[in-house]
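Have a look at the structure first, then read on.

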Amino acid sequence: MRPGSILIAAVTGLVWGVTAIVVIAVTLTLITGEVALPQATAAGVAGLASALVFVWRQSSEKSSGMPAWVWSAITLFLILMIGSFAAPFNLPIGIVPVWQGLALILFVLGATWATSVCLSGARLGPMSRYEREVVYIRVAKGIGFVVFTIIVALPFYVMVMTSLKSQQTLLANPLDLSIDFSQGLDGLLRSYVELFTQFNFGRYLLVSAYVSVATVVLTLLFSVPGAYAVSRLRFPGQAFLARSVLLIYMVPAIVLVIPLYAVFSQLGLRNTLTGLLVVYPATTIPVALYMLQGYFRGLPSELEEAGLMDGLSRVGVILKITLPLSLPALASVSLYVFMIAWNEFLFAFMFLDNPDIFTLSRGVVSLNSSEVPRQHLMAGAVIATVPVLVIFLWFERFLVQGLTAGSVKG
Amino acid sequence: MSAQNQQQDSSGPPKGIGPMQRREMWLAYLMLAPTFAIILIIVAGPLLANFWISVKPVQLADLRPPTVLVNERVRGKPAAAGDSAEIQYRLRNSSQDAEVRNVVLTDEVPEGFNVTALPEDCAMSGRDLTCTIGTVDPGWRERLKLEGTVTDAFLAANRPERASKPVIEGDADNILTNFDFSLENFRRIFSADEFWSVLRVTFYYTIFGTGGALVLGLFAAQLLHTTFVGRGFVRGLFLFPYVSPVIAVAFTWVVLFDPFSGTVNALLTKMGVVADPINFFGQRAIEYSLFGIPMEFPLALTTVIAFEAWRYFPLSFLFILARMQSINTDMYEAAEMDGATPLQQFWYLSLPQLMGILSVLFLLRFIWTFNKFDDIFLLTGGNAGTRTLTVDVYEQGFALSNLGAGAAVAVVVFVVLVTFATLFIRFSPKEEGL
């Protein structure tokens with residue numbers, strides 16, 4: 001049996017009605033702290049009916065002046081209000097009326113818009129397989145957007161909001177993730193102020209920046225000549241090297257930890273930043289070399305040959321021709337290495353005992369104890385995340401190109 | 001230039017390598033030398049050292065080799081020049097179960113102290129004192145006393161015995177460098193009951209974590225393969241989980257799913273979805289019955305796998321999207337003309353084109369997920385049935401202080417990894433260039 005447009009419209013409306021009410025009720029709960037119970041059944045029925053109205057009006061739009069989506073929105077609103085006894089979020093009208101009203105408007109508009117986009121072009125009567133699949137894909141993509149956005153954004157939202165709360169309010173109502181402006185800016189940022197004044201986070205920030213930048217510089221110093229040699233110069237074992245360098249990147253860090261711990265302990269390098277600055281570049285050089293050699297191969301070698309003809313040495317060619325041409329690749333490699341070094345946890349955790357030289361990762365771990373309140377932990381997480389996210393958003397284009405250019409052809 | 005001359009002179013193509021090529025070769029080796037050096041020292045060396053440690057009964061405490069500790073002080077209270085005093089060296093073997101051989105103490109006797117009586121093992125030459133003590137037993141203690149008289153110079157100085165520190169030399173068995181080997185570590189880890197469950201958890205985690213990240217990535221790539229307002233923003237947002245420090249996102253998940261103060265549990269209980277809060281990261285399994293057969297759902301492991309898929313889907317999403325954007329659109333137009341439906345187009349046109357990058361991503365992610373330590377360690381600490389091999393390395397080596405056993409588990413990790421890599425290289429598609 002082939003599902004006709006009525007069935008498809010009904011399912012689409014039902015899905016969007018339920019999705020929209022759940023998403024909006026949860027959002028309302030998290031913003032206001034009042035438990036908003038989504039009346040999913042009522043919303044589903046309302047969505048179903050409104051979708052049918054939409055398809056019906058769309059089929060006979062010429063006869064009426066009002067566009068189909070207006071009819072659909074009205075139906076949705078009426079049935080929802082009747083079905084939920086005028087309390088779509090199971091909250092009395094008196095509680096947070098502004099937010100409730102806003103949520104209701106958002107629900108009606110959102111569900112109507114999603115339904116009408118998904119069903120645009122659908123007419124009463126049988127649908128072809130092509131038309132049906134178009135609707136399926138629209139619904140799937142729409143749900144996909146909603147789900148992905150929530151699963152990606154929710155943890156970050158919770159992280160930031162928790163860091164702005166106080167211990168009592170967190171325990172009293174874990175759902176209340178609103179910003180309490182009444183306590184003033186000092187009260188809001190209390191956790192951050194304490195981290196910077198009492199927990200030495202300013203220093204950790206500096207140490208992390210120092211370690212990451214130094215790792216980037218060291219990695220480039222090692223990997224640029226290496227990548228150039230692998231991609232441009234001919235020597236026995238070149239092809240083997242170009243392939244095997246990535247294998248190094250497959251070696252698990254945990255296998256290296258025990259021997260490095262043992263040796264660094266005996267050499268006195270363990271509890272030092274020098275130790276970290278030996279290990280970090282060693283783990284990033286292979287991937288940097290791999291990314292760079294992919295880019296160098298793509299550069300026209302005629303330019304370098306011309307440089308050689310005109311009397312430049314190899315080193316001169318690299319410095320004056322190759323490197324200026326590969327600035328985008330250098331930027332993306334630097335960014336990638338910076339991210340690896342900034343986010344690195346295992347070696348920092350194993351090697352560093354002295355709180356004066358903690359990196360941020362190590363510092364945040366030390367907050368994870370029962371004596372330190374949760375909002376401090378989250379504030380630490382925010383402090384560790386913000387710099388790397390800012391840098392990432394700034395250079396995103398480079399990173400995306402650099403990550404994918406080395407390996408993807410075609 | 002000389003290479004070209006040679007070519008012109010000889011009748012056939014050049015044999016061997018000419019001077020210019022040789023120079024190029026040496027330049028290449030020179031440019032690669034630093035990279036090689038650091039990788040040998042920090043990657044290859046420790047890899048071998050790990051095998052070495054795995055066949056030795058090394059404890060964490062053994063990293064400090066036994067030695068003789070010394071403490072120097074002045075006895076008797078000399079008040080005026082000519083008073084007698086005593087310099088005492090208190091010696092102690094730091095180890096309770098290992099001897100130290102060829103122990104020699106050297107020191108410089110402080111200015112203004114005239115030695116009158118020496119212990120029998122000691123000899124003076126000028127101000128230099130040398131005491132040859134020989135082999136000392138475990139837990140050995142001893143006092144060496146130098147008797148003598150003091151002068152004004154000694155009295156004037158502030159704590160004159162501190163002017164030079166006594167130096168002790170001695171040989172002790174360093175368990176890390178001797179040639180005693182045993183397979184005790186391996187016997188221990190293989191005979192432990194939990195080892196096989198650890199292995200099973202590792203494979204569950206690796207396979208489902210990799211699969212989850214790939215499927216989510218493929219789906220996300222489909223979403224962003226259309227143009228719309230705010231596409232760049234959404235793409236940036238979708239990359240957040242991958243870019244953020246693992247420490248931040250792992251702790252956020254822990255806080256989010258906390259059974260008492262977590263947002264997710266509060267939502268679930270307040271909205272009546274579940275009666276009691278669920279301890280997502282702490283509960284090993286949920287029991288249920290399917291058609292009367294009792295089954296267990298590994299809850300903590302599933303949550304950890306969900307985290308893995310959540311954190312790493314951006315990487316696969318990025319690569320898949322890049323590949324999709326490079327597919328020629330003519331093909332789709334032709335298919336459209338022939339009446340192919342959207343799902344058919346995806347199944348018969350897009351997916352075959354994506355197979356290459358999907359398999360490469362699968363291999364890479366499989367290996368990296370297998371290697372992953374941080375995520376599980378931070379989320380559950382390897383408790384509640386989530387201990388994988390890598391977490392076991394830490395658990396054995398550092399939590400239980402048995403470095404040797406930890407290294408033995410690390411050897412297992414490495415062997416499994418090499419097996420995978422060999423299989424993958426044999427069956428991997430060549431055209432993707434990885």
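At what angle do helix H5 of chain A and helix H7 of chain B pack? The angle is about 80°, and the axes of H5(A) (residues 129-163) and H7(B) (residues 246-256) are 9 Å apart. Axes here are lines fitted to C-alpha atoms, for helices over the stretch in contact, with angles running from 0 to 180 degrees between N-to-C directions. That makes H5(A) roughly perpendicular to H7(B), a label that covers 65 to 115 degrees. Helices are DSSP runs of H or I with at least four residues, strands are runs of E with at least two, and both are numbered from the N terminus.

Before going further, some ground rules: this is a predicted model, where local features need pLDDT of at least 70, side-chain atom pairs count only at pLDDT 80 or more, and totals for chains, interfaces and linings use all residues. Residues are numbered from 1 along each chain as its sequence is written, while chains are lettered from A and ligands numbered from 1 in the order in which they are written.

H5(A) brings Pro155(A), Val158(A), Met159(A) and Thr162(A), and among the residues from H7(B) are Ala248(B), Trp253(B) and Leu256(B). Contact means that C-beta atoms, placed from the backbone, lie within 7 Å.

Zooming out, chain B gives 76 residues to its contact with chain A, and chain A gives 84. On the chain B side, helix H2 (residues 19-54) gives the most, with 19 residues.

Chain A itself is divided into domain 1 (5-184) and domain 2 (197-405), with bounds from an automatic or database domain assignment. Their centres, taken over C-alpha atoms, are 45 Å apart. The contact takes 8 residues from domain 1 and 7 residues from domain 2. H5(A) turns up here too, giving the largest share of the domain 1 side, 4 residues.

Here's the make-up by class (nonpolar: Ala, Val, Leu, Ile, Met, Phe, Trp, Tyr, Cys and Pro; charged: Asp, Glu, Lys and Arg; polar: the others, Gly among them).

| H5(A) with H7(B) | 8 residues | 2 residues | no residues |

Finally, chain B has an open sheet of 4 strands in the order S5-S6-S3-S8, with antiparallel pairing; strands pair if DSSP finds at least two bridges between them. S5 (122-125) and S8 (167-172) of chain B each have a single partner strand, so one side of each is left without a neighbour in the sheet.

Key:
Parallel < 35°, antiparallel > 145°, perpendicular 65-115°, else oblique. Contact = placed C-beta atoms within 7 Å.
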